[in-house]
Amino acid sequence: MFSCHHVFILLFLYRYLRLAVNLVAFCLHRPIPLPESPRLTAQNVTVVIPSLQGDGSELWETIRSILATEPYEIILVTVEAQEERARKMVKESNLTKVRICSVSQPNKRRQMVRAIPEVRTEITIFADDDVTWPPTLLPWMLAPLEDERYGGVGTNQRLRRAERPNLQQRVWGYLGALYLERRNFDCASCIVIDGGLPCLSGRTVAYRTSILRDPAFTYQFTHEEWLGQYQLNADDDNFITRWLINHGQKISYQHHKQAEVLTTLEDNPKFLKQCLRWSRSNWRSNITSMFCDGHIWTSQPWSTYAVYLTTVSHWAIVWDALLVFVYFDMTKTWPSDSRVMGLTMLVTWMFLSKFLKLLGHYIRYPVDFLLLPVSILFGYFHGLIKGYAMLSLNVTAWGSREGADDDDAYRMIRVSQKHQEALEFRSGVCYTQ
């Protein structure tokens, strides 16, 4: 029969084993090195940028930084209403390597599918319209793809910090920077252990064009279903990551300063809406990976425990409260001095565990250590965001970017039973996975 001691040990190990192992793995992580005589070069790369506005200083900065890496070309995919603005920007800036495509309605999956047939190179890189690339990025992203077993490559991301931020911007920016830091840590750690990671982020990601042009991929990418009731047209990067894993393609993550992409996040209360959108996406994708596809349980057992299961089981305030409660029950017969000392050690470890994986950020920005209490409190508050996301998985709204929700009704479409049967028939007869 389990005693309180056994319960405490099991809870403690389940809660913190992944942190301890991932810390070691993160220290052992080394990116795949650059080959001496690479077969793939920048001229084998086409960069696809889905964009809503098709113009603007932020988009121009993105294009400028990408052009500095000298890819074969850039395909900018916008909506028909903004196509003229995009063409005007390209013409006035004399961007000879930029082609313009458009779709009738804004939707990232639709924009990606529109661009893929236009790609003339072996490698396709998707990039958001608010990222800044270092000039050294492409060789690092192409290095893993020298091996035909690799189908996709991601890279580490950091926040582009605001210049002269006010207090509110500093606090929200700090939380956004930690979000990216945690993600970098989890990706770099899991890729070392079993080759898995949470998701190849669509902010900047490279794929073999042949995978994207596979008719079976195209069909499933544009006909993904959620809960058998909805056609899902959001969460594009999660879908492609799952596709690669389920089809035996290896994935890589290049965590290196010369492959570091800068991006922007909201530095105001809209950041909460971003967190809600990310949480919904994680719920949908991780549930699909674990309980519908199921392939990750055998192909990526550590990532399943350390990343995917945390969607269901990781609630910071619940775990911390439960550990303290079980500790008090376990030590009720201990001398008071020993009990206080043990509690002090437990609380100290809990405190350390909340910033150890973020140590790199605090080394780069020591002043942010003053905001550590904010991140701890936000970690507890995030449980509420996660809980609300769990109860609203059929919602796909952004709520944080102008024009981003114009296509919200298209992102998740209810599928009638008759239409669902037709989809299943077409999928079964015409396409195989």
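Ala25 is buried, at a relative accessible area of 4%, where buried means under 20% relative accessible area, exposed over 50% and partly exposed in between (1.4 Å probe, protein chains only). This is a predicted model, in which local features need pLDDT of at least 70 and side-chain atom pairs count only at pLDDT 80 or more, while totals for chains, interfaces and linings use all residues. Residues are numbered from 1 along each chain as its sequence is written, and side-chain values use heavy atoms, with hydrogens and water left out.

Ala25 belongs to helix 1; helices (H or I, at least four residues) and strands (E, at least two) are DSSP runs, numbered from the N terminus. Setting aside neighbours within four places in sequence, Ala25 is in contact with Ser189, Val192 and Ile193, contact meaning heavy atoms within 4.5 Å. Between Ala25 and Asp186 there are 161 residues of sequence separation and 9.7 Å of space, C-alpha to C-alpha.

The axes of helix 1 (residues 4-28) and helix 6 come within 8 Å and cross at roughly 85°; axes are lines fitted to C-alpha atoms, for helices over the stretch in contact, and angles run from 0 to 180 degrees between N-to-C directions. Helix 1 and helix 6 are therefore roughly perpendicular to each other, on a scale where angles under 35 degrees count as roughly parallel, over 145 as roughly antiparallel, 65 to 115 as roughly perpendicular and the rest as oblique. Helix 1 contributes Val21, Asn22, Leu23, Ala25 and Phe26 to the contact, and helix 6 contributes Asn184, Phe185, Asp186, Ala188, Ser189, Val192 and Ile193. Eight of the residues in the contact of helix 1 with helix 6 are nonpolar, three are polar and one is charged. In this grouping Ala, Val, Leu, Ile, Met, Phe, Trp, Tyr, Cys and Pro count as nonpolar, Asp, Glu, Lys and Arg as charged, and the others, Gly among them, as polar.

A second pair involves helix 4 (residues 108-115) and helix 9 (residues 236-246), whose axes come within 10 Å and cross at roughly 60°. Helix 4 and helix 9 are therefore oblique to each other. Lys108, Arg109 and Met112 of helix 4 meet Asp236, Phe239 and Ile240 of helix 9. The contact of helix 4 with helix 9 holds three nonpolar, no polar and three charged residues.

Helix 9 also holds Leu244, which is buried with a relative accessible area of 0%. Not counting residues up to four places away in sequence, Leu244 touches Gly151, Gly152, Leu200, Tyr207, Ile211, Gln249 and Ile251.

Helix 17 (residues 372-390) has 19 residues and reaches 27 Å from its first C-alpha to its last, close to the 27 Å expected at 1.5 Å a residue; the expected span is 1.5 Å times one less than the number of residues. A kink of about 30° is centred on Tyr380 in helix 17, the bend at a residue being the angle between axes fitted to the seven residues ending there and the seven starting there. Leu372, Ser375, Ile376, Phe378, Gly383, Ile385, Lys386, Gly387 and Ala389 of helix 17 are buried. The buried residues of helix 17 pack against helix 6 (167-193), helix 10 (270-293), helix 13 (310-313), helix 15 (336-353) and helix 16 (359-364). Leu377, also in helix 17, counts as exposed at 59% relative accessibility. Its C-alpha atom is separated by 13 Å from that of Phe355, 22 residues apart along the chain.

Glu70 sits in the loop between helix 2 (57-67) and strand 2 (73-79), and its phi is near 60°, a positive value in a residue other than glycine. Glu70 counts as exposed at 52% relative accessibility. Asn94 is placed in the loop between helix 3 (83-92) and strand 3 (98-103); Asn94 is not a glycine, yet has a positive phi of about 55°. With a relative accessible area of 60%, Asn94 is exposed.
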